[in-house]
Amino acid sequence: MTTAPQPLTDHAALHRNRRRALTAGTPALFLHALAIDEIQQRLQEVNRTFTKTAIVTGFPDIWQQAFPDAEIVADAETLHFNGSGYDLIIHGMALHWAHDPVGQMIQCRRQLVADGLFLGASFGGQTLTELRASLSQAEIELTGGLSPHVLPMGEIRDLGALLQRAGFALPVADSFIQTASYRSLIHLIHDLRAMGETNALTARQRRFAPRQLFTKAHALYTETYGLPDGRLPCSFELIFLTGWAPDDSQQQPLRPGSAKHRLADALRTDEIVLPSDEKTAIN
């Protein structure tokens, strides 16, 4: 009998972390604001007026302020849209917590009208690389073992491939890295708590990590990555995914061999014809 794979995310812990971020003080949602600015700029470049928008997110207030007419959908594994026929769906900084990210994309595509736009913003695999490396090395040196402290996040190539698997046309994935700096490792962890991005992995250790782990990790972090002013840099990779619900009006690739002009003519150069034996070797 095959055992179902363990879910990546403990959703009860994730919701608890988010509630704590929103109620314990001022939430640190500057990366959500950065993602919103980027998405708004991209929408300005699209020659289209969108009339029905849905946003999938775990932090509805900041996204609702930016898109006041949008429907907010909680980022559960099963997305509960109030209707269908959306011409724009935004997945706002929650896809990295999904146990089945391609399933999330498929659910979004099914709610889009033909030629509707999907935009996703998510943390990528280069996020928290310094913290991940420092904690791992510190734990290995102290205990000889390793436990999950930081969420594994998808690489841009993998996430771009998921767009195709989800059935989107004209898929595009791109990213950039935003670097912040902190006075200490503890200040970084406090900021992650204020983001609602602390450990919510199902496989996480349920007991408190020993203080010496963070002391050792801080020393390693400072030694390896510390800036001249004593602050600690922290990388956040933001990946943006763009795909369109398929429609016959969209650009289609030409059939192989259907070109009407020679590449050599376009490049204004002479065509070099390979001997037949070399063609065979290349094929």
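## Basis of the model

Because the model is predicted, local features need pLDDT of at least 70 and side-chain atom pairs count only at pLDDT 80 or more, while totals for chains, interfaces and linings use all residues. Residues are numbered from 1 along each chain as its sequence is written, and side-chain values use heavy atoms, with hydrogens and water left out.

Strand E1 covers residues 53–56, where strands (E, at least two residues) and helices (H or I, at least four) are DSSP runs numbered from the N terminus. Thr53 and Ile55 on one side of E1, and Ala54 and Val56 on the other, are all buried, that is, under 20% relative accessible area with a 1.4 Å probe and protein chains only.

E1 runs parallel to strand E3 (residues 86–92), to which four bridges join it, and two strands count as paired if DSSP finds at least two bridges between them; Ile90 in E3 is the bridge partner of Ile55. Three bridges join E1 to strand E2 (residues 71–73), also in parallel, and here Glu71 of E2 stands opposite Ala54. From E1 the chain passes through helix H3 (residues 60–66) to E2 in a right-handed β-α-β crossover, meaning that, with the strands pointing away from the viewer, the path from the first strand over the helix to the second runs clockwise.

## Lys52

Lys52 lies in the loop between helix H2 (30–44) and E1, and is partly exposed, with a relative accessible area of 33%, a term that spans the range between 20% and 50%. Apart from neighbours within four places in sequence, Lys52 is in contact with Ser84, Gly85, Tyr86, Asp87 and Leu88, contact being heavy atoms within 4.5 Å.
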